[in-house]
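Dear colleague,

Please find below the structure that I am handing over to you. My notes on what was found in it follow directly after.

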Amino acid sequence: MAVTRKELISHLDHILQSRKIRDYCPNGLQVSGSETIQKIVTGVTANQALIEAAIAEEADAIFVHHGYFWKGEDECITGIKKERIKALLLNDINLIAYHLPLDMHPIYGNNIQLADVLGIQVDGPIDESDPSVPGNIGRLPRPMTGGELSAWIAQCLHREPLHIGESGDTIETVAWCTGGAQGYLQKAIDAGVDAYITGEVNEPAVHLARETGTHFFSAGHHATERYGAKAVGEYLADEFDLDVVFIDIDNPV
């Protein structure tokens, strides 16, 4: 089966509520390609490797979490940006990207999908007073020590996390936000949870975690955000009877 580009983007804008969310990049269609879409490649980031994989798959569109045209970046189409866009245009491939809308969606979002992968019970948002903040709080499937939770994350995400905290402490409640969300550690502390899981870490977060006794797990930006784009792709395959392939271009960060 096939769907028109216009119909697909309209549908995605609606289900992901992209117009209601302020973001650092344009959400939706970023590079225009074929007007008819039969095959979609999904992935985390629209890097050159994913584009080449989509070309090999003869895809009509790429759906990602990390696209192009970020706020504050150089607007000139040069260097790797030129090469990526050139490859998309020469092969008539649409680039579709949703950033914060994909983090925050209550079914297909990165945060909900990560909870499902880790078996975490979702209790609510990380900040009830600010719905614009992505992330959630909840409970582990069973109480675990810091060491056990670190091993569980590694087993589920296929990446060893950085763990700040005592390995023998018991952890029951957690907050999490995928990607580069180490800046939300204080919100996790304010929520009173035992641990916070995110993708990245910075120097101040280590001290904040140590000095408040809150366990901190840096589980990988890419590793924590594999699941939203994949879930949307599976939904689109069912909804429009499309051929959808998730391609994971590994990134250790």
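Where is the place of histidine 158? Histidine 158 is found in the loop between helix 6 (146-157) and strand 9 (162-164); helices (H or I, at least four residues) and strands (E, at least two) are DSSP runs, numbered from the N terminus.

Two points on conventions come before the rest. This is a predicted model, in which local features need pLDDT of at least 70 and side-chain atom pairs count only at pLDDT 80 or more, while totals for chains, interfaces and linings use all residues. Residues are numbered from 1 along each chain as its sequence is written, and side-chain values use heavy atoms, with hydrogens and water left out.

Backbone angles

Histidine 158 has a phi near 60 degrees, a positive value in a residue other than glycine. Its relative accessibility is 66%, and histidine 158 therefore counts as exposed (over 50% relative accessible area; buried is under 20% and partly exposed in between, with a 1.4 Å probe and protein chains only). Aspartate 92 is not a glycine either, yet has a positive phi of about 55 degrees. Aspartate 92 belongs to the loop between helix 3 and strand 6, and is partly exposed at a relative accessible area of 41%. A positive phi, near 75 degrees, is also found at glycine 119, which follows helix 5. Within helix 5 (residues 110-118), the buried residues include Asn110, Asn111, Gln113, Leu114, Ala115 and Leu118.

Cysteines

How many disulfides does a search of the whole structure find? The search finds zero, a disulfide being a pair of cysteine sulfur atoms within 2.5 Å. For cysteine 76, the closest cysteine sulfur is that of cysteine 25, and a bond is ruled out because the two sulfurs are 19 Å apart. Cysteine 76 is partly exposed, with a relative accessible area of 45%. The sulfur of cysteine 156 has its closest cysteine sulfur in cysteine 177, at 19 Å, which is too far for a bond. Cysteine 156 is buried, at a relative accessible area of 16%.

Aromatic pairs

The whole structure was also searched for aromatic pairs, and four were found. Rings of Phe, Tyr and Trp (its six-membered ring) pair if their centres lie within 6.5 Å; planes under 30 degrees apart count as stacked, over 60 as edge-to-face and the rest as tilted. One of the pairs is formed by phenylalanine 63 and tyrosine 98, which are stacked at 5.8 Å centre to centre with 25 degrees between the planes. Phenylalanine 63 lies in strand 5 (residues 61-66) and tyrosine 98 in the loop between strand 6 (94-97) and helix 4 (100-104), so the pair ties together parts that are 35 residues apart in sequence. Phenylalanine 63 is buried at 1% relative accessibility, and tyrosine 98 is buried with a relative accessible area of 0%. Tyrosine 68 and phenylalanine 69 form an edge-to-face pair, because their planes stand at 80 degrees, with the ring centres 6.1 Å apart. Here tyrosine 68 is buried, at 5% relative accessible area, whereas phenylalanine 69 is partly exposed, at 29%.

Helix packing

How do helix 2 and helix 3 lie, and which residues meet? The axes of helix 2 (residues 48-56) and helix 3 (residues 79-90) come within 10 Å and cross at roughly 15 degrees. Axes here are lines fitted to C-alpha atoms, for helices over the stretch in contact, and angles run from 0 to 180 degrees between N-to-C directions. The two helices are therefore roughly parallel to each other (angles under 35 degrees; over 145 is roughly antiparallel, 65 to 115 roughly perpendicular and the rest oblique). Gln48, Ile51 and Ile55 in helix 2 meet Glu83, Arg84, Ala87 and Leu88 in helix 3, contact meaning heavy atoms within 4.5 Å.

Isoleucine 247

Isoleucine 247 is located in the segment after strand 13 (243-246) and is buried, with a relative accessible area of 16%. Neighbours within four places in sequence aside, isoleucine 247 is in contact with Val41, Thr42, Gly43, Leu50, Ala53 and Glu57. From isoleucine 247 to proline 101 the separation is 146 residues in sequence and 21 Å in space, C-alpha to C-alpha.

With kind regards
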